[in-house]
Number of protein chains: 4
Amino acid sequence: MVSDSEVSLRGVIPPLVTPIDAAGDIDRRSLERLIAFQLDAGADGVFLGGSTGEVALLDSARLRTVTEVAVGAVAGAVPVLVGAVDTGTRRVVEHARLVAAAGADAVVVTAPFYIEPHPAEVVEHFRQVAAAVDVPVIAYDIPSAVGTRLTPGIVAALAAEKLVIALKDSSGDLAHFREVLRRTGGELPTLTGSELLADTAVELGAAGIVPGLGNVDPHGYVRLHRAARDGDRATARAEQERLARLFRIVTVADRTRIGVTAGALGAFKAALALRGVIADPATNPPLLPLDADEIRAVSALLEEAGLRAVP
Amino acid sequence: MVSDSEVSLRGVIPPLVTPIDAAGDIDRRSLERLIAFQLDAGADGVFLGGSTGEVALLDSARLRTVTEVAVGAVAGAVPVLVGAVDTGTRRVVEHARLVAAAGADAVVVTAPFYIEPHPAEVVEHFRQVAAAVDVPVIAYDIPSAVGTRLTPGIVAALAAEKLVIALKDSSGDLAHFREVLRRTGGELPTLTGSELLADTAVELGAAGIVPGLGNVDPHGYVRLHRAARDGDRATARAEQERLARLFRIVTVADRTRIGVTAGALGAFKAALALRGVIADPATNPPLLPLDADEIRAVSALLEEAGLRAVP
Amino acid sequence: MVSDSEVSLRGVIPPLVTPIDAAGDIDRRSLERLIAFQLDAGADGVFLGGSTGEVALLDSARLRTVTEVAVGAVAGAVPVLVGAVDTGTRRVVEHARLVAAAGADAVVVTAPFYIEPHPAEVVEHFRQVAAAVDVPVIAYDIPSAVGTRLTPGIVAALAAEKLVIALKDSSGDLAHFREVLRRTGGELPTLTGSELLADTAVELGAAGIVPGLGNVDPHGYVRLHRAARDGDRATARAEQERLARLFRIVTVADRTRIGVTAGALGAFKAALALRGVIADPATNPPLLPLDADEIRAVSALLEEAGLRAVP
Amino acid sequence: MVSDSEVSLRGVIPPLVTPIDAAGDIDRRSLERLIAFQLDAGADGVFLGGSTGEVALLDSARLRTVTEVAVGAVAGAVPVLVGAVDTGTRRVVEHARLVAAAGADAVVVTAPFYIEPHPAEVVEHFRQVAAAVDVPVIAYDIPSAVGTRLTPGIVAALAAEKLVIALKDSSGDLAHFREVLRRTGGELPTLTGSELLADTAVELGAAGIVPGLGNVDPHGYVRLHRAARDGDRATARAEQERLARLFRIVTVADRTRIGVTAGALGAFKAALALRGVIADPATNPPLLPLDADEIRAVSALLEEAGLRAVP
């Protein structure tokens, strides 16, 4: 574990999938291999137990295992972020303590959900979580999952009280993103969760990017990030376009048969299995798997993007 | 614990609030007193760890304590239902086993949330939960909290596979409720979570009612239920009207200051504290409390409804 | 046209479909035949230019023609209600004057849409419409179409200022419906738009019912209404159950091919064509038609419901 | 009127407010003055009868007057776009013909609303509108108002059939915007309706910008557009930041008193009145006006942005 003051949240920090085996247990070797793949590609951090990591579908034991394996595999090379994603304050504290004890460098926390909170209650949530755990907290804005926005006003309040050390913005709303930068004077590192606006977000001031598709093509996102950061817009744009075409893997699944989450996360895992990074594309219940045709479609898009099996 | 086959889900089964003390710990004496108050009024069951029980805001230890205290206080007199409310299958199984071990007679389970499930995945969720736990499962339709409907088609599938022993319908949608009855041939006991349509739901075939406001006035809902069940519509209607006026306590809070959940659950607890049933109206973080004016408004509505302190 | 004070809004008032011919013109003969069919069945009023009447898809000329034909065909026997459904106050006034000039006895008006109105602006909308037109106004709560609720508070304000003579409630929310009755002291006639809760709504105090399915089986809804009104619950319930099964015609269409509106309105028209009441099941653009399989499914459900061609 | 093939949709094309006088009639002099102000600032086109132009709140006569006055005032200098915004195909055709007859160079059309259309029905809508009117059609994606997206797939279909000559994207969703560019090969001119992402949209390939705030500060948006188009990012960014601060005028209104539409459109008109461009800040019913404090807040933000009365 890196010391708190050293948690640097810049660059490419993919939200890793959680490989499991046929029995549903965490596949430690696949997770280690995935992390090695990411570090080798130049990832600046890893984020376990995010939405892409199926955090909502893991129990406590599996979340602990994921964290321990990741902390071991990373071995201090880069920060290890872990999601403490749950409905209410006490539940989040319970998860946050669990992953902190397992070695996480920071915990990633959403607005409360299931309940309908007032903005003042969202801030209170972060206030109590921050007070209760020993690792820094990263705010996670993901309205598609939790139904509540971390508005620029809320984020500014969190920053002013120093309750969080960064924002992960998965809202897809660049106008809000820019308003956050404006309100926080750019002092709060902001990470975008967008696969499709990563170049733009970096050009506008994002400290880093957290793209789910970065599981599949970390080299591409590292190139994109370096180019966007260094002002080489042509290169950043070209990578972004290639990655946008690859991102079509998340829509190959037949939505009359399986859900949107299953289709997206199943595609990431299928792609990683096809590339030989993880052993099994299985997702956690209740998600249903891609079928053979859909996996072939993923394979075709990998090929089109120039992605081969990892040696 | 009553044996599985004996779990009778009929009548008035209020979803109990979770009393806490100033330190945030479960207030066992208040919970015992609340349960005694309910049983004395004629409740046919109790439901702990529901939305009204702030299940989303309790950690595992508190949920276990609540269950243990309730099981002890009920002492087999009526069924004890407990919510295993969480985002995904493995998490729900973890909670369900915890509360089953603590003595719950049945667990109450919603559709998965945070993720976007396909109906087939919702059914798969209940299939795996039912297979993994030793107590019967009750399906809980609460789209306002989880964003997904348990459609009549889903409920019919759950009933056909005997994955659940009942439905708690908190959708507020009586057309769906009736379609469920139609599709299941009336063989699946259906409980309504509505405070305001309790009489109508019983007249239409609901096996029981699970009104949050039943915390505050169980005698009223018992009278309403008995009258509606026995075809005494005038009495049922009169009680329903009185209770509808009392239900205005959930809207006394200033919504520009606290959220809708805080306003409703805070009002139930304030009313119970005013009636002397529980010691402290405190809610769990991050919910903010009612202020003095709002508590006075609750008090006035109690008085208007003819409700006094419990001896 | 009946005089204003005589506009009686009680009983069965189906929201009629708008028959068109292959060229897209109003099919006057079919509309006359439909109205005769309704009056013969015992309808207590007719509602043209509602959602079921494809009001959103008609231009001014067609709306005028529909009104004129209906007024002529009804010949004062029952009230003729016509929708003045549009986004803003001036547009609604324009439509309301048009249909009033064509002989409508009352106009039916929703909350403003396209814009996001405040409740005070919704009330102001009805205030200005009522002041600008010479026929009485009926408030139309249809949040699924306009995105804004006519809350019980809004309806109570409209009733207190006598801006409307009735409410058509197509919200599907019986708790709100009852709160409206409570707030208005039952003095504002309330009509339910529900096909599936018609019996219950009448038992709870609805003055009348406005079921789209009443196009297809007016005799059934008239029997249902009379029974519910007269306290014969068994008969009302039996009719409601039969009609609920018939209502499955609105879901026979393949939703991956045409929209929900096309599926529902297309089914009503297909059923009327199959029964020989109207000549052509065509809907207005941009709605796409049912295909042959879907029309066969409608036919099978008609048969199951015991409905034959009208002599 | 410019000839069809000459309709150039590039640059700054503000969606103009519709000035009215105290009697609610179109204030021709103010509208002429507003247009002169825009042309003088360098606007490359004008868009009447958009959402900012309160199109949903105008009747046919006022929409015709607005179009005629604008066509006269512009006198062929730049294209005049006019909204034909309505629920269904026939209504849109009726409006489109009216404004085309009054001299509009192109009509701006949304997805159908009030109904729930299938994507194939959205395309059919544009197909029939395009066939029925003599001026080119611009597709208008504004899901916040109509509830339906013009997805990249729909837009690509519209472009492939040459049903529209451009897209106005008011979705705020830059990922979709980029996907549209990708799908159409950049051949369909795309205009962004965003006040806050105008610089980014131009850098990403937008042909033009249609910012409501451009009513108030056209000079600023012209500078922004020229800089962004010419690759001078520092200047574009600085203007965008200044304009973002000015855009706070749309949130000064007390949302517990008036709606979000009233607050935004009222602020634009108040600012124009304060700058002396239009005579009266009145909005159309049912929108309620800003109060004196709110107008003072608008005035302060104008001053902060360096905007003075127009000579």
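In this predicted model, α6 (152-160) and α7 (174-183) of chain B, with α5 (143-146), β6 (166-169) and α11 (260-274) of chain C, each supply at least two residues of the lining of the second largest pocket. Helices (H or I, at least four residues) and strands (E, at least two) are DSSP runs, numbered from the N terminus. A pocket is an open set of points on a 1 Å grid over the protein atoms alone, where a 1.4 Å probe fits, with protein on both sides within 12 Å along at least five of seven lines; lining residues have an atom within 4 Å of a point.

The second largest pocket holds about 1600 Å³ of space. Its lining has 47 residues, and E195(C), F247(C), V250(C), V260(C) and A264(C) lie closest to its centre. Volume here is the space filled by probe spheres set on the grid points, which are joined across faces, edges and corners. Which element gives the most to this lining? α11(C) does, with six residues. The lining divides into 21 nonpolar, 15 polar and eleven charged residues. Asp, Glu, Lys and Arg count as charged; Ala, Val, Leu, Ile, Met, Phe, Trp, Tyr, Cys and Pro count as nonpolar; the others, Gly among them, are polar.

Now the chain contacts. Contact means heavy atoms within 4.5 Å. Buried area is the accessible area (1.4 Å probe) that two parts lose on being put together, summed over both.

| Chains | Residues in contact | Buried area | On carbon and sulfur |
|---|---|---|---|
| B and A | 49 residues from B, 49 residues from A | about 4000 Å² | 56% |
| A and D | 15 residues from A, 15 residues from D | about 1500 Å² | 48% |

R90(B), R91(B) and Y114(B) supply 24% of the area that chain B buries against chain A, more than any other three residues.

A rotation of 180° with 0.0 Å of shift along its axis superposes chain B on chain A, with an RMSD of 0.0 Å. The two copies are thus related as by a two-fold rotation axis. Copies are superposed by least squares on the C-alpha atoms of residues with pLDDT of at least 70 in both. The copies meet through the same surface, because 100% of the interface residues of chain B are also interface residues in chain A.

Residues are numbered from 1 along each chain as its sequence is written, while chains are lettered from A and ligands numbered from 1 in the order written. Local features need pLDDT of at least 70, side-chain atom pairs count only at pLDDT 80 or more, and totals for chains, interfaces and linings use all residues, while side-chain values use heavy atoms, without hydrogens and water.
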